[in-house]
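Reader: Could you take a close look at one part of this model for me? I'd like to hear about the disulfides and what surrounds them.

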Amino acid sequence: MKRIIFALAGVSALCLATAAQAEISGGTVKIGVLTDMSGVYSDITGKGSIVATQMAVDDCLKAECAGMKIEVVSADHQNKPDVGSTIAREWIDRQGVDVLADMSNASLQLAIPPLLKEKNRVGLFPGGTARLTGDACQPDHIVQWMWDTYVQVAGIANYLTKPGTKWYLVTADYALGHQLEADAKTLVTAKGGTYVGSVRHAFPAVDLSSQLLTAQGSGADYIALANAGGDTVAGIKTARDFGIGQDKQKLVAFFLTAMDVKSVGLAAAQGTVLTEGFYWNLDDRTRAFSERFKATHGAVPSAIQAGIYSSVRHYLKAVAAAKSDDAKTVIAKMRELPIEDDVVRNAKLRADGRMVHDFYVFRAKQPSESKSEWDLYDLVATIPGDQAFRPLSESTCPAIKR
C-alpha cells in the first residue's frame, strides 16, 4: 500500500512540474535585444548590450533558472522607429519572443509600448524618456530600469542650481533632447535659477560650433549639453576648443557615459559635471561585475549595459519564481521580489514601472588624477532614489491616476 501511495505522490509531483513548465510558452523564454549596432549609441549599447544580456542569462541558469530553456536573439534598430517596430512585431508573431530589452532610442521607445500591450509582452527599458513611466506608461508590460530624462537632469540641476544661477542648453532636436530640455527648465526654475534659453541641433549632429558660440554668448553660468552619444562627445570637444568650462562658465552634460569620456579624453572632458546610475568603480561588487563584462567585451559597461544586465536578471528571476512568462504575471512578480545584484543599490520597482535606486553625481577627473585607463570620475554626491527620481505623487501615468 505504501508503494502505491508513494507512486501516486510521484505522479502528482510530475504532473505539477509539467503543468508549471507548460506556463512557459513554447517551453523556452525568448529574449530579443533590440539595439544600436552601428549608430551614435553603439558604444553604450550595441554588442555590449548583447553581452550583458547573455551574462544575465548565464548567471540565472546557475541559480534560480536552473533547468530552464532561455534563448537570446538580437537585431539593429538603426535608430529608426519603423525598422525597430517591424523587427519587434516579427519577433513576437513568428519567433515567439517573450521580452524585449534595450531599445535605447527615444522615438523607438514611444513606438514599442503599444505593441507590447497589444501582444501581452514585456519591455525592459534600461533608460530613456521619462514619458515611459509618465503619460506613455504601460505598467503591466514595461519597466524603466536605470535612468530616465528626469533623473539625468535632476541629479545635476538640483545639485548645482542656486537662486540666480543661469542655465543655457544645447539641445538635440528629437524626443530625448526635447524631454531633457523640458525637465531642465522646470527643475532649474523650481530651485530659483534662471533658464536663459536653448539652441537646438540636428540629430545626429554634424557641427556644433554655431550652437556653442550662441550658448557662450548667453552669459549663462552653466552650459548644458542636452543630447547623448556621439553628439555629446562632439559637444565637449567643440566646447573645449572655444574655452567653455575653463573659466566662470561651466560645462554640464545631462547624458555622458564612461565610454564618451574615454573617447573624448580627460584633457577635454576634465571638470565636466555629470550624473549616472552606475559606474564601474563604485564598490567591490560593481568592480567585480565590470571585470567579468570587460573580459568578454574589452571595455567596462556603460550604465545602459549594466541596466540591461540588472533588468534581464531580475526578469528571469521573476519568471522562475512565477513559473510563467505571462507579461502581467511576471511584472507583478518583479515588483514583489527584492532587487539584488552587483549593479544597483537600494533598488525597488514602483507601481508605475519606474525602478528607483541610488543615483550619483560625478566630475570628470583631470588627466593627472587618473590612475588607470578607466579611472575617469570623482564621486561628488550620492542621491537616494526617492530623492533623485520624479516622485510617484507627481506621476502622469494614467494607470496610477486611476
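Author: The S-S torsion of Cys60 and Cys65 is about 60°, so this disulfide is right-handed. Bear in mind that the model is predicted. The two sulfur atoms of Cys60 and Cys65 sit 2.1 Å apart. Cys60 has 0% relative accessibility, so it counts as buried, and Cys65 is likewise buried with a relative accessible area of 0%.

Now for the neighbourhood. Leu316 touches both Cys60 and Cys65, and its other contacts, leaving aside residues up to four places away in sequence, include Val29, Ile31, Ala56, Val57 and Ile70. Leu316 is also one of the residues with the most contacts inside the largest nonpolar core, which has 114 residues. Leu124, Trp167, Val252, Phe254, Tyr315 and Met334 are on that list too. Helix H12, residues 303-322, gives this core its largest share, 11 residues. Apart from this core there's another one, of 17 residues, with Trp91, Leu115, Leu132 and Ile142 among them.

Back to the sulfurs: the count comes to two disulfides, and the other pair is Cys137 and Cys397, with sulfur atoms 1.9 Å apart. That link is right-handed as well, with 75° about the S-S bond. Cys137 sits in the loop between strand E4 (122-125) and strand E5 (142-144), while Cys397 is in the loop between helix H14 (385-388) and helix H15 (398-401), so the bond ties together parts 260 residues apart in sequence. Both Cys137 and Cys397 are buried. Count the bonded cysteines along the chain and you get the pattern 1-2, 3-4.

Technical notes:
Residues are numbered from 1 along each chain as its sequence is written. This is a predicted model: local features need pLDDT of at least 70, side-chain atom pairs count only at pLDDT 80 or more; totals for chains, interfaces and linings use all residues. Side-chain values use heavy atoms; hydrogens and water are left out. A nonpolar core is a set of buried Ala, Val, Leu, Ile, Met, Phe, Trp, Tyr and Cys residues joined through side-chain atoms within 4.5 Å. Buried means under 20% relative accessible area, exposed over 50%, partly exposed in between (1.4 Å probe, protein chains only). Helices (H or I, at least four residues) and strands (E, at least two) are DSSP runs, numbered from the N terminus. Contact means heavy atoms within 4.5 Å. A disulfide is a pair of cysteine sulfur atoms within 2.5 Å.
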